[in-house]
Amino acid sequence: MFISLFLQECPSGIVNEETFKDIYAQFFPQGDASNYAHFLFNAFDTDHDGSVSFEDFVMGLSTLLRGTIQEKLNWAFNLYDINKDGYITKEEMLDIMKAIYDMMGKCTYPVVREDAPKQHVENFFQKMDINKDGVVTIEEFIESCQKDENIMCSMQLFENVI
């Protein structure tokens, strides 16, 4: 569905961030998807030129759907490492979590508590920040994810779908 909207909205095969946000918002009309779409766009914009080609988009999706566990985890880490410095900070993770909660909307049941994004970040760092230095490296991220059965199951979820 997203692929057909991509091609419909961008027949040139190139999408800029605003159009990407508009497309993504159609899937989450109950909330504000713009911040999460911004982070997602940056993850797909691998050369950081302000646009995503259809080829780049499909390659990213291919990684998420058919890549190895290592490739999927690298892609996820890249999404969370907003400033691309090789570390996930609590601030970066909080920005992502707030964006996800905003995207899901205020009409969830049960109602999401106001401190839910912050609590999610604290849980994430408790599990992922192995050496307790306040940041999560790619090595810590991959090691922690591989030890978590729920994360591993979610990484394999789509492998048999396509």
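Helices (H or I, at least four residues) and strands (E, at least two) are taken as DSSP runs and numbered from the N terminus. On this basis the protein has nine helices and four strands, and from the N terminus on its elements follow the order α-β-α-α-β-α-α-β-α-α-β-α-α. The model is predicted, with local features requiring pLDDT of at least 70 and side-chain atom pairs counted only at pLDDT 80 or more, whereas totals for chains, interfaces and linings use all residues. Residues are numbered from 1 along each chain as its sequence is written, and side-chain values use heavy atoms, with hydrogens and water left out.

Of the 162 residues in the protein, 40% are buried; buried denotes under 20% relative accessible area, exposed over 50%, and partly exposed the range in between (1.4 Å probe, protein chains only). Contact is defined as heavy atoms within 4.5 Å. Among contacts between residues at least 6 apart in sequence, 54% join residues at least 24 apart.

Helix H6 (residues 90–104) contains 15 residues and spans 21 Å from its first C-alpha to its last, close to the 21 Å expected at 1.5 Å a residue; the expected span is 1.5 Å times one less than the number of residues. Buried positions in H6 are Glu92, Met93, Ile96, Met97, Ala99 and Met103. They cover an arc of only 160 degrees around the axis, and therefore lie on the same side of H6, the arc being that of the directions from the helix axis to the C-beta atoms. The buried residues of H6 pack against helix H2 (17–25), helix H3 (34–44), helix H5 (69–80), strand S3 (87–89) and helix H7 (116–128). After H6 comes Gly105, which has a positive phi near 90 degrees.

Two packed helices are described by the angle between their axes and the distance between the axes. Here axes are lines fitted to C-alpha atoms, for helices over the stretch in contact, and angles run from 0 to 180 degrees between N-to-C directions. The axes of H6 and H7 come within 9 Å and cross at roughly 135 degrees, which makes H6 oblique to H7. Angles under 35 degrees count as roughly parallel, over 145 as roughly antiparallel, 65 to 115 as roughly perpendicular and the rest as oblique.

For H2 and H3, the axes come within 9 Å and cross at roughly 125 degrees, so H2 is oblique to H3. Glu17, Phe20, Lys21 and Tyr24 of H2 meet Ser34, Tyr36, Ala37, His38, Leu40, Phe41 and Phe44 of H3. Within H3, the buried residues are Tyr36, Ala37, Phe39, Leu40, Phe41, Ala43 and Phe44. These residues pack against strand S1 (14–16), H2, strand S2 (51–53), helix H4 (54–66), H5 and H6.

Asn16 lies in strand S1 and, at 38% relative accessibility, counts as partly exposed. Leaving aside neighbours within four places in sequence, Asn16 is in contact with Phe41 and Gly50. Asn16 and Phe41 are 25 residues apart in sequence, with 8.6 Å between their C-alpha atoms. Asp81 is found in the loop between H5 and S3 and counts as buried at 4% relative accessibility. Residues up to four places away in sequence not being counted, Asp81 touches Gly86, Tyr87, Ile88 and Glu92.
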